[in-house]
Amino acid sequence: MFLYNLTLQRASGITHAVHGNFSGSRSQELVVSRGRSLELLRPDPNTGKVHTILTTDIFGIVRSLMAFRLTGGSKDYIVVGSDSGRIAILEYIASKNQFDRIHLETFGKSGCRRIVPGQYLAIDPKGRAVMIGAVEKQKLVYILNRDGQARLTISSPLEAHKSNTLVYHMVGVDVGFENPLFACLEIDYEESDMDPSGEAVHRTQQTLTFYELDLGLNHVVRKYHEPLEEHANFLIAVPGGNDGPSGVLVCSENYITYKNLGDQPDIRCPIPRRRNDLDDPERGMIFICSATHKTRTMFFFLAQTEQGDIFKITLETDEDVVTEIKLKYFDTVPPAVALCVLKTGFLFVAAEFGNHYLYQIAHLGDDDEEPEFSSIMPLEEGDTFFYGPRTLLNLVLVDELDSLSPIMAGQIADLANEDSVQLYVACGRGGRSSLRVLRHGLEVAEMAVSELPGNPTAVWTVKRRAEEQYDAYIIVSFPNATLVLSIGETVEEVTDSGFLGTTPTLACSQLGEDALVQIYPDGIRHIRADRRVNEWKAPGKKTIVRCAVNHRQVVIALTGGEIVYFEMDPSGQLNEYTERKEMKSDVICMGVGRVAAGEQRCRFLAVGLADNTVRIISLDPNDCLTVLGMQALPALAESLSILEMGGGEATPEAEQQHSTLYLNIGLQNGALLRTVLDSVTGDMSDTRTRYLGPRPVKLFRISMQGSEAVLAMSSRSWLSYYYQNRFHLTPLSYESLAYASGFSSEQCPEGIVAISENTLRILALEKLGAVFNQVSHPLEYTPRKFVIHQESSHLVMIETDHNCYTEDTKRQRKMQMAEELREAAGEEEAEVAERMAEALLSEDLPDSVFGSPKAGPGMWASLLRLIEPIQGTTLHLHRFEQNEAAFSIGIVKFINHSDPEQPFLLVGTAKDYILSPRHVDKGYIYVYRFVKEGSGLELVHRTEVEDIPTAICPFGGRVMVGVGKLLRIYDLGKKKLLRKCENKHVPNLIVDIKCRGERVIVSDVQESMFFVRYKRQENQLIIYMDDTNQRCITVTALLDFDTVAAADKFGNITVIRMGSDVSDDVDEDPTGNKALWDRGLLNGASQKADIIANFHVGETVNTLEKATLIPGGSESLVYTTLSGTIGVLVPFTSREDHELFMSLEMHMRSEHPPMCGRDHVSFRSYFFPVKNVIDGDLCEQFNMVDSNKQRSIAEDLDKTPSELSKRLEDIRTKFAF
């Protein structure tokens, strides 16, 4: 079995984010890393929408990311510390829309190791040097400079190593143009390592160390170090030179301290806490991330606590000596891994989990009522300030980036009866969790819907003048009339536009500089800017049946297949070409391309005829109306569209790249063909076909992100567009439409105006490049697992949070705190205390915004929810009591029950579970029956067990349960579940059980899988086979009777098969001592499984499922990961395909190695050597390689580049999207 890996949706969790000006224009951009890919995002300063400009897979792990700019430069570079053992410096090239690797310097081994640098990066603020550090011992400094041609140069590394030292954080100190200085948080463990008594550990202090790079002597000196009182977790560099006092802010537990070299005394201020907080009061408070904003006159810091509250920090100085630190509560946003304040006034929040946000900073928080805390306010040691959190005041949310990270559980099913499947994924953490329903398609934003007086047949938009940015009129054609609407603040009917209203319209367009043309069955109406009208009437009894038009040419087909061609002369007059062309059969459709900039005309006309052909006709004056080429079609053509695609966006600083002319053909049988049209000869080649739906396909040319795209309408609408160096053909998640046109107005610069039955709709597509559109339903705690009740299509889900209070406990705790307030107050303060107690009890801070209070370890909150997934309504909710946590769920039918077809719901919970060291008081298995046709639950009974029920699986009319490390079979009793059989040979903890027939596959938390056979006669569970490798399994999926796929915590997917010589049915040993079973092999079972395939995904895989993603497609293995990736492994169906892709992968590894220097083979073989899996993500980068390399790779494979990219597209569309 050979597999091919495809990523359908890339990871959506962000691990690092930096901002800067990477394209060299004055725009502010963000570069984010999503685990193993780098992405360039550009927030639009006018609308605030975040656009993805580029995504690059680096086939490695991004450990650190920084942006820097050389002194006097105008653009930022990106420096990446990855697991490749090399430092990479990248530059974004806007003209090619890709990252270019400028430097790649090797310094150590690959992999995320303790002493290999790459974990930390620090940049000198003037861009003169970069320090790259390891967790332990090693630190290297590289000097950055320019050569004579103004190219970036990098020096050899200078060492700043120190043995037995652990580093927590490092930062470049702003010292102006003096020698670059780096500050590090370190701890020296040498003494505690040598000390046998173990007491030195408690004396060891963290130190703040400054390293100076002496540019004159070209080496690094350890300049100064001082011990810290509290344990610190990160540093913030303070602007220096002419901008500020320099130095660093040390963020530690409960305190923030300003430190600098020289005469500066330490200034420290406690971190304020929330008033009336339900958290454990002994718990320390830390800052988790920060952002610095600096202008010519002032600077401030935004620092976020682990509860999500942001503080604005400012420093008061007296002649470059800092005198006080001021903190002020700013706003609360979700806890972030990175905050970026952009010069355009936006704050980007890359959330730890859940969606990412872009906020507009509306106020700087200088003039509101919020109290300001200062380091000079008198406080007792150990006391702190208090503030009350509130909803957003200084920030305004402008955009939200959907993120599925972390996907905790997922299933694929068609519960909405839509013919195509939906993915149901449970994501998120704590109060910001959600159940998301993913459908393949682009999200459509509905701008406006208005009713029309009848059922229209067609719609167009036109501008008044060619240079205008926005459309002026919407023209709607009915079977017997034409309606003209003007576009302004509102859309209203006009009668003086010059269009003929008493006839249906076939087409209309803006013509030349300032004229309009309307084509109707009896003629052509040419409307000049001064409202003069020229008419051309159809001859005799003939009428115009089909037409094609752009802003310089008009082509019409009369009844009987006669083609008449008009072209505009320099004076703005439409002139008919002297000859007409008779076609052999009726003209069904016509298409003409746009006139390119600097050209007089479009050279080609495409005509679809009733004899199942498409002909290309020249419109060049030298050979006008001669047929250049012909293509036979499998069915009648319905519509044609010629357009240029693939050139990328034409921006002022980047010349339009070479783009290709494509002819799109929509057929009456529902297929869409895309053919390359040679721009010189008109030859057609390289045809790609996709089936869109049962209805004939109509095509409409629209504009998307500055380039042309095709809207294809069959039973549902599809958009074919070119985005980030590859073609996408994606359905719109919207009801079916009849006719459409591009639409541009001030409120909606790139929209679509469409008609559906008797309504006119204005739509916008914002999330180009997205594979799925999602509907999100909020949940209360972190979702753990869910099952589908097939009869009612409802989901039953368990949600469990550690370190959390249940609603009841929260209420009790509030009452208790209010009581303490009242008791602590004296006679005089009784009234004030009463008011404060009332405020405490009435305060309601939703967990989804302010985070849930931390209850302390060993505290659990959990619930069971029955939900209708399409509307997201909760039908039944059962809350478990405090410290009882649900871990497993399953739907089982019991054969011994009076109704063997009745499904029961089993939920496994644990009471007083302590994670480390692992200890459980007891476990329970709850049995529920479904009532009210699956929309309610009723408790039957609960059974007490001695450990956590971690896995539940139906097994031959009974149930198989993993209780800790015991594998048991239970049957349904009257008062509780009855134990029938048990196996005690699983070593640690059962995490997953899959059953098929008499076979059971049991997964252990660290010892891989055990294959168990149930012997009915003897009522025994016997392990007959296991795996040779240790694996920390997270999830398994059965592929067939002998084959199972498994995923582990470290991001590997493995396929294991029972060999042909393995027997699961070993007879009773006649001697009676079961010698065969006792013999064992390598301390395990007597037989071992064969490994069929190994592949490293690079992110923890949480769900695996064998499913068909597209109607009529083939089965594939779908996986989702903790970072939000959705991918598939698909089997090759022919040996020839496999050999071709294997050769392509080999060529791509050598010709286009990963960006940050990681070796592709070793990345995919991180834990086990990659076996029988080809990486489609690498193969698909073939389309991004420059054309000379493409040709040389294709020649080696005896193919053309277009054949190769067609094969890549085919394998994708066969299994997925």
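Modeller: Residues count from 1 along each chain as its sequence is written, and side-chain values use heavy atoms, without hydrogens or water. In this predicted model, local features need pLDDT of at least 70 and side-chain atom pairs pLDDT 80 or more, while totals for chains, interfaces and linings use all residues.

Biologist: What makes E212 and K223 a salt bridge?

Modeller: The term asks for a side-chain nitrogen of Lys or Arg within 4 Å of a carboxyl oxygen of Asp or Glu. For E212 and K223, the closest N and O atoms are 3.5 Å apart. E212 lies in strand β17 and K223 in strand β18, so the pair ties together parts that are 11 residues apart in sequence. Strands are DSSP runs of E, at least two residues; helices are runs of H or I, at least four; both are numbered from the N terminus.

Biologist: How many salt bridges are there by this rule?

Modeller: The count comes to 80.

Biologist: What makes D1175 and R1164 a salt bridge, and where do they lie?

Modeller: Their closest N and O atoms are 2.9 Å apart. D1175 sits in strand β90 (residues 1173-1175) and R1164 in helix α8 (residues 1160-1164), so this pair too ties together parts 11 residues apart in sequence. D1175 has 0% relative accessibility, so D1175 is buried. R1164 has 1%, so R1164 is buried. Elsewhere, salt bridges that share partners join E946, R968, R979, E982 and K984 into one network.

Biologist: Where do E1145 and R1149 lie?

Modeller: Both are in helix α7 (residues 1135-1151), four residues apart, about one turn of the helix. E1145 has a relative accessible area of 5%, so E1145 is buried. R1149 has 25%, so R1149 is partly exposed.

Biologist: What makes a set of residues a nonpolar core?

Modeller: The set holds buried Ala, Val, Leu, Ile, Met, Phe, Trp, Tyr and Cys residues joined through side-chain atoms within 4.5 Å. The largest such core has 47 residues, and V476, L711 and L719 have the most contacts inside it. Strand β65 (residues 759-765) gives the largest share of this core, five residues. Another core, of 40 residues, lies apart from it and includes L404 and I1174.

Biologist: Which residues does V476 touch?

Modeller: Contact means heavy atoms within 4.5 Å. Not counting residues up to four places away in sequence, V476 touches L452, P456, A458, V459, A481, T482, L483, L485 and L760.

Biologist: Which peptide bond is cis at P406, and where is P406?

Modeller: The bond joining S405 and P406 is cis, with omega about -5°. P406 lies in the loop between β33 (395-401) and β34 (407-413). The bond from S916 to P917 is cis as well, with omega near -10°.

Biologist: What is phi of K932, and is K932 buried or exposed?

Modeller: Phi is near 50°, a positive value in a residue other than glycine. K932 has a relative accessible area of 63%, so K932 is exposed.

Methods
Buried means under 20% relative accessible area, exposed over 50%, partly exposed in between (1.4 Å probe, protein chains only).
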